Each structure stands twice: as structure tokens, then as C-alpha cells.
Amino acid sequence: MKNNNNSLPPLAALRFLRWFLRDDLAEEVQGDLEEKFYMTVKRKSLLRARLNYWFQVLNYLRPFAIKSTKSTYSIMNSTDMFRHYISVSIRNVKRRQLYSMINVLGLTMGFACCLFIYQYVSFEYSFDGHHKNSPYIYRVVETLNQPNSGQSVEAATGWALGPAAKQEVPGVIQFARLMPEDNSAFISVPEKPDKAFEEERVFYADPAFFSIFTFDIISGDSKNPLAPGTMMISKSSAQKYFDLSDPLGQVLDVSGWINGSYRVSGIFKDVPENSHLQFDILLPMEDLLRKSQFSDPSTGWGWTNFITYFQLHKDADTEEAESLITNILIKNRRDYFERSNTTAYEDLQPLRDIHLNGNIPAPATKMGSYLSVYFFMLIGFIILLLACINYINLTTARMLDRTREVGIRKVSGAGKNQLVFQFLTESAFTIFISFALAVFISSTLRPYVNTLLGLELPTIWSDPVFWSGFLITFGITTLLTGIYPARILSSFKPVTALKGVVKNSGDRSSFRQLLVVVQFSVSVILLAGTIIVYGQLDFMRNLDLGLNLEQIIQIPGPRIFKEGTDKFSQPEVLKNELKNIPGVIQSAVSTSVPGKELTATSTSIRKMTVDPSQNIHGAVIWIDSSFTNIYGLEYMAGTGNIRITDSDDDLWPVIVNESAVKALGFTSPGDALNQEIYMYGNKAEIVAVIKDFNWFSAHEERENIFLILGLSSTQSTISVKVQSNGLPGTIKRINDLYKHLYPGNPFRYTFADKTFDLQYRNDRQFAKLFGFFATLAIFIACLGLFGLATYSTQHRIKEIGVRKVLGATAGNLVSLLSTDFLKPVVISIFIAVPVSWFIMGWWLEDFAYRIELEWWYFAGAGSIALVIAWFTVGFQAFKAAGVNPVECLKDE
């Protein structure tokens with residue numbers, strides 16, 4: 001059969017056959033192949049005939065190639081093979097720089113995010129792990145149930161519980177009680193007036209405290225710490241008060257719950273950040289219990305301001321110990337519990353469980369949240385999953401570019417498992433590069449993250465647990481990103497692979513679209529969550545509190561007085577002097593201020609005409625007559641012209657809010673006026689009723705407030721209403737007056753609105769992190785979408801050229817190219833809306849006052865995601881639509 005030269009098969013094939021076959025056999029095979037070639041040319045195109053011809057050549061040689069390859073693999077060791085795969089990976093990265101950059105960037109961001117979250121989670125779980133006895137240390141948690149007050153759970157007990165349990169509970173080795181100083185204590189060096197500081201981290205503690213807990217004593221009396229008249233201070237406090245001189249044996253004056261001079265008997269290392277107890281100064285519990293307030297034995301059970309810790313025997317039964325401790329409490333408070341119809345029980349909370357159980361209130365305790373830890377762990381997993389989805393999508397989309405490589409490797413003898421291993425090696429290589437970059441980023445940005453979180457995250461590079469976790473994560477991520485593309489690529493048949501006619505199957509395309517739906521569903525959920533979190537934060541900050549906090553500065557009252565000074569008269573002295581300062585409008589004194597911890601709460605408040613079983617819970621604050629005016633509290637009944645009580649009065653004058661009126665059982669504010677109630681074991685008279693207001697943030701319901709007119713403590717706060725004009729000068733004059741009246745007392749002030757706003761610090765931090773993760777998620781999702789759109793437009797470039805030649809406009813082409821990619825985004829919005837509605841509705845339940853979930857929150861999140869996705873895809877669509885059709889078709 002004669003043919004022109006253009007239709008002849010390549011003569012190079014004959015030489016190729018002779019490399020493996022004898023000359024006569026090679027010519028016989030060549031003749032057979034030529035005949036098949038000419039028959040194919042008649043029925044199909046020349047290009048198809050040539051491809052089929054070459055495949056037949058390779059098929060004849062396959063037995064020889066396999067034999068040769070197997071012998072080669074038997075000689076080549078695993079190191080050489082791995083080196084070969086790495087070199088192939090590097091070559092692929094260089095050849096496909098855009099897609100490699102997208103994969104590496106997405107995975108790097110995912111790993112960096114996970115590294116930061118791991119450091120945070122590691123820090124949270126490390127709390128109190130440095131104590132040698134930590135498995136055997138427990139904190140007592142007291143639960144009270146009352147019909148009217150509901151259930152109260154608090155890590156606070158009476159001071160008598162510890163000694164009683166030590167005597168009566170066999171499993172208890174020793175106990176330690178702590179009591180934090182109210183607000184703060186003033187500590188000063190007697191001979192150095194400038195060395196006076198207001199210390200907020202002060203505890204009264206038992207001597208056994210250092211036996212139970214592992215806080216290292218650097219120097220001093222470690223065998224008999226916290227003896228009466230002595231104190232223990234931290235290393236940083238020693239430097240602050242005594243500079244470079246030896247602090248041991250030195251004397252500091254203390255003004256707080258107890259007043260007097262105390263000798264420094266020991267120095268301990270600064271308390272680590274991962275301790276739920278944070279303190280700088282320890283004072284002896286024995287000296288505190290000598291005060292008159294604790295002289296009555298009954299206060300040992302009813303005055304529940306103490307935190308009690310027990311160290312149990314290794315083989316102690318905690319349930320039995322809890323039962324015995326509960327029996328001790330009931331036995332000693334039986335009369336009160338029966339009168340008030342109260343049930344009570346005591347729990348032993350493991351030490352390592354304290355920090356993350358932020359729902360159990362405890363004074364002066366650094367609290368965290370299991371919920372926050374779980375949330376961030378979930379976020380880290382989601383962000384890394386989104387990056388893995390990008391890798392899978394781009395790898396499977398690009399598999400058409402590697403079909404011939406797979407075909408040649410298969411006919412050269414590579415088995416399916418070897419191909420899978422090769423592609424997994426490529427995934428591992430990409431992941432390793434991404435992880436290395438993530439380590440660099442996390443190390444560089446660590447100081448900024450610490451500032452954002454207000455923490456000192458630990459260094460994890462020497463932590464064996466981290467490296468174990470890394471290896472596990474590395475393996476899982478490699479399998480997750482590599483196994484599916486590897487199985488797909490290695491499953492191609494050599495015939496179709498060498499012809500280059502492998503097409504993306506509908507199943508694979510659907511799977512990629514499913515992954516895009518997952519990505520954008522998560523992104524829309526996080527976007528909607530961010531909008532709702534910021535909406536709730538804005539709502540809380542603009543909530544009508546029922547009080548006025550503008551232009552009020554709050555000054556802690558003096559603690560250090562000249563000898564012979566009447567301490568209880570000093571607030572009135574200061575108020576009278578403040579009147580003479582230009583710019584001061586009014587001042588008031590109280591034992592606490594809005595946004596700060598309450599001075600006292602009571603569960604023993606009731607009408608005089610009802611029995612103790614009708615007791616209610618209430619917040620109690622001692623105030624002067626100006627307090628209600630300066631904070632703009634509105635009267636419902638009674639007036640502001642009210643007498644001030646003194647210690648000899650039979651009836652305490654008290655102002656209550658609307659909630660307290662209802663809780664006490666009065667029908668109206670007018671009905672409650674001039675009625676007598678029972679509180680704190682004393683009789684009180686309701687002299688006025690005010691509208692409800694928020695003492696705390698929107699997280700909490702409004703309290704039953706009881707404002708007692710008359711100061712019972714020198715530990716007070718002075719609130720000063722000032723004019724906005726000339727404010728710096730006014731504050732300077734107040735400072736001068738304060739130092740003149742109370743030398744040795746540091747002057748410190750805060751603005752009332754800033755004090756109140758501090759309650760939302762954690763919410764603002766949460767909102768920032770939520771917004772950051774939402775931005776990261778949408779960026780990673782769009783990164784993958786950009787890669788898919790780029791690849792798709794490149795493979796449809798000839799189609800675009802033909803459509804332009806036939807008259808398609810740029811708008812038609814942009815619409816055509818964008819539609820396929822925006823469909824999964826639209827589907828993801830419909831999936832994300834109900835999910836985010838449920839999740840954010842559950843989150844909002846934590847707030848007593850909250851926003852309503854409106855449709856536009858979710859519509860806004862979906863619109864943002866859709867617009868971002870459209871711009872991501874549209875960029876490539878516009879770019880492709882603007883290409884000259886001649887450039888698209890010139891190689892045809």
C-alpha cells in the first residue's frame with residue numbers, strides 16, 4: 001500500500017524496537033504495526049493513528065520494560081527512590097508555580113493558624129500542672145438550693161470547714177484556706193513614704209499552703225512560713241519595695257483587712273502565668289481570724305468568703321470524702337438550712353479542672369473556659385481542612401496535565417502502589433515546605449499574638465508532645481491531601497493516559513464542587529457569626545444601663561492614715577474638700593461601683609412578716625446620700641433626702657430596686673416604701689425604690705440591689721463628677737488634694753465608663769479572633785476558587801476564542817465562565833444560613849440581654865461571600881474574555 005510521506009509512521013519506531021528486539025523480530029513487528037496504522041488512518045485522523053501506533057509499540061515492549069524496570073527497582077534502594085520522587089516534586093513546583101504557590105500559601109496559613117491555636121490550648125491545659133501534688137489537691141465547691149433564690153454554686157466556704165474536715169474526714173491529709181483582700185491592700189515601707197503601692201494580688205493563707213502547693217521559696221523560712229506577724233512576698237515585689245537590698249527581716253506596713261507592721265520572712269518565685277491563683281503577697285490567716293468579725297464561732301460557717309483546698313491520700317475515695325464534708329456542713333448549719341428551706345452539698349473539684357471551669361465563680365481566680373478551648377480547636381481543624389480541600393481540588397483538576405506521565409510510568413513497570421507512593425511523597429513535600437514556613441510565621445508573629453490575647457504563650461519547640469502531635473498531623477494531612485488524588489491518577493489506564501484523552505469524569509467534578517460547597521459553607525457560617533458577634537457587642541455597649549457613667553472618675557479610698565485619725569469620717573472630709581475644687585460638680589462614696597465586684601451578697605434577705613424559707617438573694621452596697629444622684633438613678637418611690645445610718649440605729653435605711661421589690665413580694669414600689677425587711681441579721685427599712693439598672697454587663701440578669709445608706713468600711717471608692725472643660729487641670733488639683741490629706745497613699749483613678757467597659761474585654765477579644773478566623777477562611781476558600789478558575793479558563797481558552805469569533809461579547813463570556821463556579825457558592829449559602837442560625841442562637845443564650853437574630857445578618861454574610869467569590873472568579877473571566885481570539889486559535 002502506497003502512501004505519501006506525511007502519512008507514514010515514524011521510522012524512529014523501528015530503531016526504538018531494535019533496542020529491545022532482534023532485527024528480524026523488530027522488522028516483523030514493524031510491518032504488523034504499519035498495516036494497523038494504515039487501517040486506522042482510513043477511519044480516524046492522522047493524529048489519532050500516530051498516537052495509537054506509538055501505544056502499540058510500547059505495548060509490544062511492555063514485557064521487556066517490566067523485566068528491566070523490576071531489576072532496576074531491585075538495585076535502586078529506597079533512598080534513591082525517595083530522592084527521585086523529591087526531585088520530581090521540585091520539578092513540578094517549578095513548572096506549575098502558580099498552583100504550587102496557591103497550595104503552599106493555603107497550607108501555610110492553615111498550619112500557622114493551628115500552631116497558634118496549639119500554643120493557646122497547650123497553655124490553657126497546662127494550668128496548675130507544676131504542682132507535685134496536683135493529682136491529690138481538690139478545691140471545695142459549695143452548692144446551695146433555695147426555693148426563692150434558686151441554685152448558687154460557688155467555690156467559697158466558711159473558715160471553719162477546713163479544720164473540721166481535717167479532724168473528721170479520714171482521707172484528708174492537710175488543708176489550706178485562702179482569703180483574698182477586698183479590692184486591694186496598701187503596702188508601704190515605713191521609712192520610705194515614696195515606697196507605697198496599692199496591691200490587688202494579696203491573699204491571707206494558712207502555713208500549709210506551701211506544703212500543698214509547689215510555689216518555690218527562694219529564701220527565708222520554708223519550714224514555718226506565714227507565722228503570725230510575718231509575710232511572704234514574691235521576687236518582683238521584693239525588688240519593687242527594697243530594690244537591691246536584702247528583704248529578709250525587713251518590715252512593711254499593711255493596710256487592708258488587717259492593719260499593722262509585718263516582717264518579711266520569705267521570698268518566693270513569681271507565680272507562673274499558668275496558675276489559677278495569682279498573688280504577690282501572702283499574709284498569715286491566723287492574724288486575720290483574730291479580728292472581731294471572726295470572734296463568733298458561728299461566722300465560721302456563715303461567712304463564706306474563704307477558698308478551701310484539701311490534699312487527700314492517694315487511695316482516698318473522693319465521693320466518700322464529699323459525703324462526709326457535706327455532712328459536716330449540714331450538721332453545723334442545720335438550723336439555718338431548716339429555717340430557710342435550703343439544701344446544700346459540697347463537691348471536691350480537682351485542681352487541674354479549676355481553671356477551665358469558668359462557670360464556677362471564685363474570688364481572685366484566673367478563669368478560663370473549656371468552651372473557648374474546644375471552639376479554637378475546632379476552628380484550627382476547620383482552617384486546616386479548608387487548606388487541604390484546596391490542595392485536593394487543584395490536584396485533581398490538574399490531573400489531565402499528568403496523564404502521559406502516569407501512562408509512561410505504568411508501561412515502564414511502575415505499579416499502582418508505587419504511583420500512589422510517589423504522589424503521597426509530593427504531598428508530603430508540599431506539606432513539609434508549608435509547615436516550615438508556618439513555623440517561621442508563628443515565631444515572627446508570636447509577640448503580636450501575645451499582645452492580642454493578653455497572654456504569654458509558651459514556646460513549644462522543645463515540647464515532645466508537640467512533636468508527637470506534629471508527626472500525627474503531618475501523616476493525617478499527607479493522607480488527606482494525597483490519597484484521593486493519588487488513587488485517581490494511578491487508576492488511569494495506560495492506553496487512555498498515553499493518548500492524553502482522559503477527561504474529568506462527572507463524579508470527580510461533582511466531588512470538587514462538593515468540596516467547594518463545604519469551604520464556602522464554613523466561610524459563610526464564620527462570616528455570619530462575625531457579624532452577629534460584633535452586633536451583640538455593639539448592642540451591649542449601647543444598652544440603656546439605667547445609670548449615667550459620663551464624666552465620672554473613680555478614686556480608691558485612702559488606706560494609710562495618721563495616728564489618731566478617725567478613719568470612718570475621712571470620706572466625708574474628702575467630699576467636703578472636693579467641693580472647693582473648680583471643675584468638680586459632685587462626689588459620692590460607696591463600697592463598690594458599677595462594673596466592679598460587689599462588696600457583699602446575701603441569701604438571707606426577706607420581709608419581716610415571712611418565715612426564713614422565703615429568703616431571697618441580693619447584692620448589698622453601702623453608699624452615702626449622693627450616690628444615687630451622681631449615677632443618675634431614677635426614683636420610683638421615696639426621695640433622695642434620706643437620713644444616713646450609724647452603728648447605733650435599730651433600722652438600717654435601705655434603697656432597693658424594682659427587681660428586689662418584686663422578689664420580696666411587694667405589689668408595687670409604693671407598697672414597699674417604709675416597709676421593714678430582714679437582712680444580714682439586722683432590721684432594715686425601705687426608704688426609697690429606684691428603677692432597675694445594670695450593675696454588671698449584659699451577660700448577667702439585673703440583680704436584686706440593696707443600697708444601705710451608711711458606710712461600714714474604710715475600703716471605699718470615691719466617685720467624682722467633673723466638668724469636661726479643663727479636665728486635666730481638675731484631675732491634677734484632685735491629686736494634689738489627695739496627697740495632702742493622705743500622705744503615703746498612692747493616687748489612682750479610672751473613668752467610670754472605662755471601668756464598666758472592661759467587662760467586655762473578653763467579648764472584644766473573642767470578636768477580633770472570630771473576625772480573623774472568618775477572614776482567613778474566606779481567603780483560603782477564595783484562594784482555591786481562584787486556582788480552579790485559572791485552570792479552567794486556561795483549558796477553555798480555545799472555546800473562548802471560538803465563541804468570540806462567533807460573536808460572543810465579553811459579558812457573555814464572563815457570565816459563562818462565572819456561572820459554573822458561583823453555583824456551589826450559592827448552594828453553600830443555603831446550607832450555611834440554618835446552621836449559623838442555630839449555632840449563633842445557642843451562643844447568644846449566654847447573654848441576659850441580647851440582640852434578635854434578623855434575616856439581614858445572614859443575607860449580609862451570604863452577599864459578602866458571593867461578591868468576594870464573584871470578584872475572585874470574575875478576575876480570571878475578564879482576563880480570559882479579553883484575550884485576542886487569534887492568540888487562542890493560532891496553534892490549530
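Buried residues account for 51% of the 892 residues in this protein. The model is predicted. Its secondary structure comprises 29 helices and 24 strands. Of the contacts with a separation of 6 or more, 80% join residues 24 or more positions apart.

**Surface**
- The accessible surface is about 41700 Å², and carbon and sulfur atoms hold 56% of that.
- Leu371, Ile827, Ile831, Val835, Phe838, Ile839 and Trp842 make a nonpolar patch of about 680 Å².
- Helix H27 (residues 810-844) gives the largest share of this patch, six residues.
- Leu371, another patch member, lies in helix H13 (residues 370-397).
- Leu371 has a relative accessible area of 48%, so this residue counts as partly exposed.

**Aromatic pairs**
- The whole structure holds 41 aromatic pairs.
- Phe627 and Trp695 are stacked, because their ring centres are 6.4 Å apart and their planes lie at 25°.
- This pair links distant parts of the chain, 68 residues apart. Phe627 is in helix H20 (residues 627-630), and Trp695 is in the loop between strand E21 (682-690) and strand E22 (705-709).
- Both Phe627 and Trp695 are buried.
- Phe747 and Tyr749 form a tilted pair, with ring centres 5.9 Å apart and planes at 35°.
- Phe747 counts as buried at 18% relative accessibility, whereas Tyr749 is partly exposed at 35%.

**Aromatic cluster**
- One aromatic cluster is formed by Tyr120, Phe375, Phe376, Phe766, Phe770, Phe772, Phe773, Trp843 and Phe847.

**Charges over rings**
- Lys240 places its charged end over the ring of Phe197, 4.8 Å from the centre.
- Lys607 lies over the face of Phe666, 4.5 Å from the ring centre.

Key. Residues are numbered from 1 along each chain as its sequence is written. This is a predicted model: local features need pLDDT of at least 70, side-chain atom pairs count only at pLDDT 80 or more; totals for chains, interfaces and linings use all residues. Side-chain values use heavy atoms; hydrogens and water are left out. Helices (H or I, at least four residues) and strands (E, at least two) are DSSP runs, numbered from the N terminus. Buried means under 20% relative accessible area, exposed over 50%, partly exposed in between (1.4 Å probe, protein chains only). Contact means heavy atoms within 4.5 Å. Accessible areas come from the Shrake-Rupley method with a 1.4 Å probe; for residues, only the protein chains shown count as cover. Patches are made of residues with over 30% relative accessible area and no salt bridge: like charges are joined within 9 Å, nonpolar side chains (Val, Leu, Ile, Met, Phe, Trp, Tyr) within 5 Å. A salt bridge is a side-chain nitrogen of Lys or Arg within 4 Å of a carboxyl oxygen of Asp or Glu. Rings of Phe, Tyr and Trp (its six-membered ring) pair if their centres lie within 6.5 Å; planes under 30 degrees apart count as stacked, over 60 as edge-to-face and the rest as tilted. A charge sits over a ring if NZ of Lys or CZ of Arg is within 6 Å of the ring centre and within 35 degrees of the ring normal.
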